[in-house]
Amino acid sequence: MRKITRFAAPALVAALGISAIAPASAHESPRHYGGRYTPVRNDAVRSDINGLRRDIDRAAARRAISEREARGLRRDAADIQRLYASYARNGLTRWEVQNLQRKVDRVHVALHMERRDHDRRRG
């Protein structure tokens with residue numbers, strides 16, 4: 001019995017050690033592979049979209065924009081969110097990231113303009 005544990009214990013430790021190393025190395029993969037961006041880049045784009053939605057909600061709560069203006073901007077942000085979900089299924093290409101970023105920037109500019117126009121209507 002002791003001979004079995006003497007050989008089995010190191011083998012078990014080695015097997016557990018190898019399985020613990022594999023997931024750690026998977027997180028350290030390069031940012032770009034096969035024309036697609038890794039989840040790190042996906043998270044950055046997703047956080048930009050969520051930040052846009054947060055900014056719209058904050059402006060509406062502070063009454064810097066009307067509810068009608070906020071509804072239109074939220075619709076634009078939801079469209080971007082749907083487009084992101086469509087793109088992100090297989091990872092994001094450079095073009096998809098740039099397209100999403102361009103759309104987020106446009107809605108940010110629209111939000112800025114809505115805050116400054118004080119007419120309480122969209123556009």
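This is a predicted model: local features need pLDDT of at least 70, side-chain atom pairs count only at pLDDT 80 or more; totals for chains, interfaces and linings use all residues.

Guide: Residues are numbered from 1 along each chain as its sequence is written, and side-chain values use heavy atoms, with hydrogens and water left out.

Visitor: What pattern does the chain follow along the sequence?
Guide: The pattern is α-β-β-α-α-α, from four helices and two strands. Helices (H or I, at least four residues) and strands (E, at least two) are DSSP runs, numbered from the N terminus.

Visitor: Why is Asp55 called buried?
Guide: Buried means under 20% relative accessible area, exposed over 50%, and partly exposed in between (1.4 Å probe, protein chains only). Asp55 has a relative accessible area of 17%, so the label is buried. Buried residues make up 27% of the 123 residues in the chain.

Visitor: Which residues is Asp55 in contact with, leaving aside its neighbours within four places in sequence?
Guide: Asp55, which sits in helix H2 (residues 39-61), is in contact with His108, Leu111 and Arg115. Contact means heavy atoms within 4.5 Å. Among contacts in the chain between residues at least 6 apart in sequence, 67% join residues at least 24 apart.

Visitor: What makes H3 roughly antiparallel to H4?
Guide: The axes of helix H3 (residues 67-88) and helix H4 (residues 94-117) come within 11 Å and cross at roughly 175 degrees. That angle is why H3 counts as roughly antiparallel to H4. The cut-offs are under 35 degrees for roughly parallel, over 145 for roughly antiparallel, 65 to 115 for roughly perpendicular, and oblique for the rest. Axes are lines fitted to C-alpha atoms, for helices over the stretch in contact, and angles run from 0 to 180 degrees between N-to-C directions.

Visitor: How do the residues of the contact of H3 with H4 divide?
Guide: They divide into 11 nonpolar, one polar and six charged. Ala, Val, Leu, Ile, Met, Phe, Trp, Tyr, Cys and Pro count as nonpolar, Asp, Glu, Lys and Arg as charged, and the others, Gly among them, as polar. Residues meeting there include Leu73 and Ile80 in H3, and Val107 and Leu111 in H4.

Visitor: How do you know that Asp57 and Arg74 meet in a salt bridge?
Guide: A salt bridge is a side-chain nitrogen of Lys or Arg within 4 Å of a carboxyl oxygen of Asp or Glu. For Asp57 and Arg74 the N to O distance is 2.9 Å, and the pair meets in a salt bridge. Asp57 lies in helix H2 and Arg74 in helix H3, so the pair ties together parts that are 17 residues apart in sequence.

Visitor: Which residues are linked with Arg74 in a network of salt bridges?
Guide: Asp57 and Glu67 are linked with Arg74 in that network; Arg74 and Glu67 meet at 2.8 Å, N to O. Asp57 at 39%, Arg74 at 30% and Glu67 at 45% relative accessibility count as partly exposed.

Visitor: What separates Asp79 and Arg82 in helix H3?
Guide: About one helical turn, because they are three residues apart. Their side chains meet in a salt bridge (2.4 Å, N to O). Asp79 is partly exposed at 37%, and Arg82 is exposed at 51%.
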